[in-house]
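Let's take a walk through this protein together.

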Amino acid sequence: MRNVGLHLADGVVLGIVSLNGEFVSRSAAEPPIFDDPDSYTLRMKSADASMDAASLTTLLQQRLSQNASPLSGVKITFDEGRLRAAGTLHKGVSVPFSMTATVSATRDGLLRLHAEHVTAVGVPVKGLLDLVGLDVASLMKMPPGSGIRADKDDLLLDTALMLPPPRTEARMISAAISGGRLRMTMTGPAQPPARPATLPVPSARNYLYFFGGSIRFGKLTMSDADLELVDANPSDPFDFFPARYEAQLVAGYSRNTRRKGLQVFMPDYARVAANGGMLKPPKVP
């Protein structure tokens, strides 16, 4: 993928500068089925991605609502290279809290939020916690499988585990807040084959390209895939929603290539959602 605004769910958009990896079927009997994200694993080789505060807020809220969590109403903002979280902590009574944290990647590939300042009901609590022998870990203990756990005064986020399906295999190697976004560099165990020297649409800047294996889209199964989904408007990143790709597909058009590949030109999801956004295929000379 190159220059894609990837909708992982409603309100959760991962900005992808570049991503290389593999779709690995979870069934030996059939290829990855794009329409069914539970049918395959996204195994990353490398990724340069980012997320804004609104998307991270929605992702955290969705994940917390799926698990028995002491936190609710969490809202994330970014300010001067710091992450600020505010919400309600339920420990016998409901207590409003806020936390200011720096972000970094841990050695084992997690996102570390290092708490610099924590308040409850507007009062700094760090000194009180030290006095009674508590830390953030004991205060904000999260259930197993949530992708969120505490380590002393830090929160650790397993971003790959927190993402909606498909299952993602990746670990973070760097993280920073810059330009109003959480910027992440990730790596993983994928070993995809060498990419063809040219793409089906060589001039494309914003696209998803599938090659070298088999994949199913709707009723179409492509073996030895050579399929490129191309942004019809390259002036901004390709706004793509995998769970609703059919609407973008219907609004776009496709062309076969001489090497038996397929070019698919799609409008941005926001355009389709707003007014249908039908594209008119260019005239072939």
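This is a predicted model: local features need pLDDT of at least 70, side-chain atom pairs count only at pLDDT 80 or more; totals for chains, interfaces and linings use all residues.

The protein chain holds six helices and 20 strands. Of its 285 residues, 44% are buried. How do contacts tie the chain together? Take those between residues at least 6 apart in sequence: 53% of them join residues at least 24 apart.

Now find helix 1, which covers residues 53-65. You can check its length yourself: it has 13 residues, and at 1.5 Å a residue they should span 18 Å. Which of its residues are buried? They are Ala 53, Ser 55, Leu 56, Thr 57, Leu 59, Leu 60, Arg 63 and Leu 64.

Next, the pockets. Rolling a probe the size of a water molecule over the atoms shows where empty space is left. The largest pocket here has about 590 Å³ of space in it. To find it, look for Gly 21, Glu 22, Tyr 209, Phe 210 and Phe 211, which lie nearest its centre among the 23 residues that line it. Strand 2 (12-25), strand 3 (40-52) and strand 14 (207-211) each give at least two residues to this lining. Sorted by class, the lining has 14 nonpolar, five polar and four charged residues.

The second largest pocket has a volume of about 350 Å³. Its lining is made of 25 residues, with His 7, Leu 8, Pro 165, Pro 166 and Pro 242 nearest the centre. Strand 1 (2-9), strand 2 and strand 3 are the elements that give two or more residues to that lining. By class, 21 of the lining residues are nonpolar, two are polar and two are charged.

Finally, pick out Pro 96, which sits in strand 6 (residues 93-105). Is Pro 96 buried, exposed or partly exposed? Its relative accessible area is 47%, so it counts as partly exposed; the cut-offs are under 20% for buried and over 50% for exposed. From Pro 96 to Val 74 is 22 residues in sequence, and their C-alpha atoms are 10.0 Å apart in space.

Terms used. Residues are numbered from 1 along each chain as its sequence is written. Side-chain values use heavy atoms; hydrogens and water are left out. Helices (H or I, at least four residues) and strands (E, at least two) are DSSP runs, numbered from the N terminus. The expected span of a helix is 1.5 Å times one less than its number of residues. Buried means under 20% relative accessible area, exposed over 50%, partly exposed in between (1.4 Å probe, protein chains only). On a 1 Å grid over the protein atoms alone, a cavity is a set of points where a 1.4 Å probe fits but cannot get out, and a pocket is an open set with protein on both sides within 12 Å along at least five of seven lines; lining residues have an atom within 4 Å of a point. Grid points are joined across faces, edges and corners, and a volume is the space filled by probe spheres set on the points. Ala, Val, Leu, Ile, Met, Phe, Trp, Tyr, Cys and Pro count as nonpolar, Asp, Glu, Lys and Arg as charged, and the others, Gly among them, as polar. Contact means heavy atoms within 4.5 Å.
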